[in-house]
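Colleague: I would like to learn how to read disulfides in a model. Could you take me through them one at a time?

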Amino acid sequence: DGGITQSPKYLFRKEGQNVTLSCEQNLNHDAMYWYRQDPGQGLRLIYYSQIVNDFQKGDIAEGYSVSREKKESFPLTVTSAQKNPTAFYLCAVSVGSGNTIYFGEGSWLTVV
Amino acid sequence: AQKITQTQPGMFVQEKEAVTLDCTYDTSDPSYGLFWYKQPSSGEMIFLIYQGSYDQQNATEGRYSLNFQKARKSANLVISASQLGDSAMYFCAMRVLNTGGFKTIFGAGTRLFVKA
């Protein structure tokens, strides 16, 4: 089955722990993105990557880190430095200048 | 600064009526793309429609059309013949070329309620 796979779908984390959210795609698209969505709010850009081994900070990168070692994978680490990490996280991919952005199903992160 | 603004937090429409969801954008880049997405309560993001900045005609996809007014920097979504299943959050987004590649930013969204 083609598309974007995010895992886990639900994750609970204790305060002070790092957690990594996975995003894998088999669409062979270059650009990948991570967004954060708080309840009833819009999507805010955390990080984005156009090519392997390169990525850029979005609007709310503090407390997060990413890597892009393979075209297919763009994992997001929520570090203990992120003050309020409880949110819905969405991964997306696109063909650079393309006219469609594809989204994964999202990951719900709750800090307990 | 690059920005997307959706000024309607919530909208109500009667079933079978048309509704317009507002979106304005700000960018100095002459080349950009505009998107609309639907997000039902399940959380998935459903692509609705796309408009490129150089497209001469307004985009249409079934019951969805995008009213693109470039000089006013607006890209309103028109949904014709509303259905109960249209009740959801709707997001306007803009893609621009930025440092390190194409960046896509989203507005705060409009929640649409369709009444029977």
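Modeller: Let us begin with the handedness of one link, keeping in mind that this is a predicted model. The torsion about the S-S bond of A:Cys23 and A:Cys91 is about -70°, and the disulfide is therefore left-handed. As for what it connects, A:Cys23 sits in strand β3 (residues 19–25) of chain A and A:Cys91 in strand β9 (residues 87–94) of chain A, so the pair ties together parts that are 68 residues apart in sequence.

Colleague: What is the S to S distance between A:Cys23 and A:Cys91, and are these two cysteines buried or exposed?

Modeller: In general, a disulfide is a covalent bond between the sulfur atoms of two cysteines. Here the S to S distance from A:Cys23 to A:Cys91 is 1.9 Å, and both A:Cys23 and A:Cys91 are buried.

Colleague: How many disulfides does the structure hold over all chains?

Modeller: There are two over all chains, and in chain B the disulfide joins B:Cys23 to B:Cys92, with 2.0 Å from S to S. This pair links distant parts of the chain, 69 residues apart, with B:Cys23 in the loop between β3 (19–21) and β4 (24–26) of chain B and B:Cys92 in strand β10 (residues 88–98) of chain B.

Colleague: Which handedness has the link of B:Cys23 and B:Cys92, and why is B:Cys23 called buried?

Modeller: The link of B:Cys23 and B:Cys92 is left-handed, with -65° about the S-S bond. B:Cys23 is called buried because its relative accessible area is 0%, where the cut-off for buried is under 20%; B:Cys92 is likewise buried, with a relative accessible area of 0%.

Definitions and conventions
Residues are numbered from 1 along each chain as its sequence is written. Chains are lettered from A and ligands numbered from 1 in the order in which they are written. This is a predicted model: local features need pLDDT of at least 70, side-chain atom pairs count only at pLDDT 80 or more; totals for chains, interfaces and linings use all residues. Side-chain values use heavy atoms; hydrogens and water are left out. A disulfide is a pair of cysteine sulfur atoms within 2.5 Å. Helices (H or I, at least four residues) and strands (E, at least two) are DSSP runs, numbered from the N terminus. Buried means under 20% relative accessible area, exposed over 50%, partly exposed in between (1.4 Å probe, protein chains only).
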